[in-house]
Amino acid sequence: MGSAAEAWQFAKVGGTLYGATEHDKNGGVHAFDAATGKLRWTYNDNTGENQKWYVIATGKRLAVMHAKRLYALPAV
């Protein structure tokens, strides 16, 4: 079982809750099973930037921002 950094901002798509973290180390965007709370996966860009992550649901995708970077991830 993986560990997750504390999330501060959330978006939900279907049965998955996505949490954006404040810190980069072990952080990024976590995907949790909304029913069980089990961590499914974590996305991290490995830049080491010490800035908050942000996530919003946009249909079947997530818009994710970290520092000056914007990413589109699948919301599955």
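Predicted model: local features only at pLDDT ≥ 70, side-chain atom pairs only at ≥ 80, totals over all residues.
A polar contact, in the sense used here, is a pair of N or O atoms within 3.5 Å, where within protein one atom must be able to donate a hydrogen and the other to accept it. By that criterion the side chains of H30 and T42 are joined by a polar contact of 2.7 Å.

- Four strands form an open sheet in the order β1-β2-β3-β4, and their pairing is antiparallel.
- The edges of this sheet are taken by β1 (7–13) and β4 (39–43), each of which has a single partner strand, so that one side of each is left without a neighbour in the sheet.
- From one strand to the next, the twist averages 20 degrees.
- Strand β3 (residues 29–33) and β4 run antiparallel and are joined by four bridges, and within this pairing F32 has L39 in β4 as its bridge partner.

**H30, in strand β3**

- H30 lies in strand β3 and has a relative accessibility of 0%; because buried means under 20% relative accessible area, H30 counts as buried.
- Not counting residues up to four places away in sequence, H30 touches A4, A5, L17, Y18, G19, T21, L39, W41 and T42, and with T42 among them the side-chain polar contact of 2.7 Å falls within this set of neighbours.

**K38, between β3 and β4**

- K38 is placed in the loop between β3 and β4, where, with a relative accessibility of 55%, K38 counts as exposed.
- Residues up to four places away in sequence being set aside, K38 touches A31, F32 and D33.
- The C-alpha atoms of K38 and A20 are separated by 16 Å, the two residues being 18 apart along the chain.

**Salt bridges**

- The structure holds two salt bridges, and in general terms side chains of opposite charge can pair when their charged atoms come close.
- One of them brings together the side chains of D33 and R40, with an N to O distance of 2.9 Å; R40 counts as partly exposed, at 40% relative accessibility.
- In another, the side chains of E49 and R69 meet at 3.9 Å, N to O.
- Since E49 lies in the loop between β4 and β5 while R69 lies in strand β7 (residues 69–74), this pair ties together parts that are 20 residues apart in sequence.
- E49 is partly exposed, with a relative accessible area of 28%, and R69 likewise counts as partly exposed, at 34% relative accessibility.

**D45, a buried acidic residue without a salt bridge**

- D45 has its place in the loop between β4 and β5 (53–58), and although D45 is buried, it has no salt bridge.
- The side chain of D45 does, however, have a polar contact of 2.8 Å with the side chain of Y71.
- With neighbours within four places in sequence left aside, D45 is in contact with D24, W53, H66, R69 and Y71, a list that includes R69, whose side chain meets that of E49 in a salt bridge.

Definitions and conventions: Residues numbered from 1 in each chain as written. Heavy atoms only, no water. Pairing = 2+ DSSP bridges. Helix = DSSP H or I, 4+ residues; strand = E, 2+ residues; numbered from the N terminus. Axes fitted to C-alpha atoms, helices over the stretch in contact; angles between N-to-C directions. Buried < 20%, exposed > 50% of the residue type's maximum accessible area, 1.4 Å probe, protein only. Lys, Arg positive; Asp, Glu negative; His and termini not counted. Salt bridge = Lys/Arg side-chain N within 4 Å of Asp/Glu carboxyl O. Contact = heavy atoms within 4.5 Å.
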